[in-house]
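Here is a brief report on selected local features of one model. The structure comes first, the description after it.

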Amino acid sequence: MKPIHLAALALLTTATTHQQDDPLTRPIAPEAAAKWIGPQAPVRVYGNTSLVGFEGMNVALIDTGKGLILIDGAVPQSVRSVEANLSKLGYRIQDVKLILSTEPHFDHAGGLAALVRDSGATVLAGAWAVTALKQGMSTPDDPQAAWLVPFPAVSRVRAVKDGEAIRLGSVTVTARATPGHTPGSMSWTWRSCEGRACRTMVFASSLNPVAADGYRFTKHPEVVASFRATQARVRVMPCDIMFSAHPDNSGGIEKYARFAKGVRPNPYIDPGACRAYADKSATALAKRLADEKAGKAR
């Protein structure tokens with residue numbers, strides 16, 4: 001074996017250290033994240049739409065024929081797994097052109113900066129969320145602001161309006177403002193087809209009325225109004241197949257398990273999913289408000 005020149009060895013060591021200590025993929029809140037990012041095989045759910053995320057965290061993929069669209073980015077330490085799941089489906093991270101964000105919390109947006117760097121893609125989000133994404137932290141008007149942790153700031157991000165249509169290749173994705181969980185939460189809808197059978201797809205933002213200790217929704221009627229308006233909107237949203245940001249909030253864990261076993265008809269096809277999702281949020285909000293009034297909320 002030829003001896004390795006000391007300079008070359010130093011360069012190799014530096015490169016290896018840099019790779020191991022990537023500031024954009026350093027773990028955030030590892031104990032909490034471990035509950036969400038259990039490994040899950042990627043699956044093509046319907047037509048051009050796949051899931052490339054985790055047991056407790058959805059990341060969706062749309063193949064437009066002219067590039068890929070990702071929805072959400074999970075946590076920084078999960079980025080390599082997302083990219084590996086893309087490869088398992090025959091794609092490359094460099095094929096991703098757009099990344100759509102549901103909310104600027106570390107569990108859904110923490111991996112965006114690394115995914116943007118690796119792909120060259122642009123992140124699209126609601127105007128309020130853009131501010132939070134660029135600074136790597138939600139703003140003080142977020143009900144969960146007091147207990148959130150910072151995440152890598154996203155440099156390449158553009159604001160979209162409610163109802164704005166985003167076109168790439170053969171796909172049009174529409175932004176649907178769904179504030180409440182955060183002031184700028186955004187859901188996304190599009191159509192996927194298998195032959196002549198086309199389905200309306202929804203990737204829904206979190207609608208869970210949770211807040212940091214000491215926060216009271218009863219003191220923020222504007223936030224309660226946002227939740228109720230969003231619940232009403234989602235309840236009537238055309239919705240053949242729905243993914244929620246956290247799959248356990250919409251029966252996604254059970255649907256994935258049945259789909260992976262080959263159960264047919266497709267377990268993800270559920271025209272009542274959006275209505276059930278909105279109703280679950282409304283029930284949780286009513287309980288939260290009642291607990292606050294009874295002095296039971298933390």
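## A buried serine

Ser-50 counts as buried, at 1% relative accessibility. Here buried means under 20% relative accessible area, exposed over 50%, and partly exposed in between (1.4 Å probe, protein chains only). Ser-50 lies in strand S2, residues 49-51. Helices (H or I, at least four residues) and strands (E, at least two) are DSSP runs, numbered from the N terminus. Leaving aside neighbours within four places in sequence, Ser-50 is in contact with Val-43, Arg-44, Val-45, Val-59, Ala-60, Leu-61 and Leu-89. Contact means heavy atoms within 4.5 Å.

## Basis of the values

This is a predicted model: local features need pLDDT of at least 70, side-chain atom pairs count only at pLDDT 80 or more, and totals for chains, interfaces and linings use all residues. Residues are numbered from 1 along each chain as its sequence is written, and side-chain values use heavy atoms, with hydrogens and water left out.

## A buried asparagine

Asn-85 lies in helix H3, residues 79-88. Its relative accessibility is 5%, so Asn-85 counts as buried. Which residues does Asn-85 contact, leaving aside its neighbours within four places in sequence? They are Gln-40, Pro-42, Val-52 and Gly-53.

## The open sheet

5 strands form an open sheet. Their order is S8-S9-S10-S11-S12, and the pairing is mixed. Two strands pair if DSSP finds at least two bridges between them. Strands S8 (165-168) and S12 (241-244) stand at the edges. Each has a single partner strand, so one side of each is left without a neighbour in the sheet. From one strand to the next, the twist averages 25 degrees.

Strand S11 (residues 197-204) and S12 run parallel, joined by 4 bridges. Phe-203 stands opposite Phe-243 in S12. Helix H9 (residues 273-293) packs on the sheet and touches S11 and S12. The direction of H9 makes about 35 degrees with that of S12. Axes are lines fitted to C-alpha atoms, for helices over the stretch in contact, and angles run from 0 to 180 degrees between N-to-C directions.

## Helix H8

Helix H8 spans residues 252-260. Its buried residues are Gly-252, Lys-255, Tyr-256 and Phe-259. Seen down the axis of H8, they fall within an arc of 100 degrees, so they line one face of the helix. The arc is that of the directions from the helix axis to the C-beta atoms.

What covers these buried residues? The cover includes strand S1 (43-46) and H9. Gly-262 follows H8, and its phi is positive, near 85 degrees.
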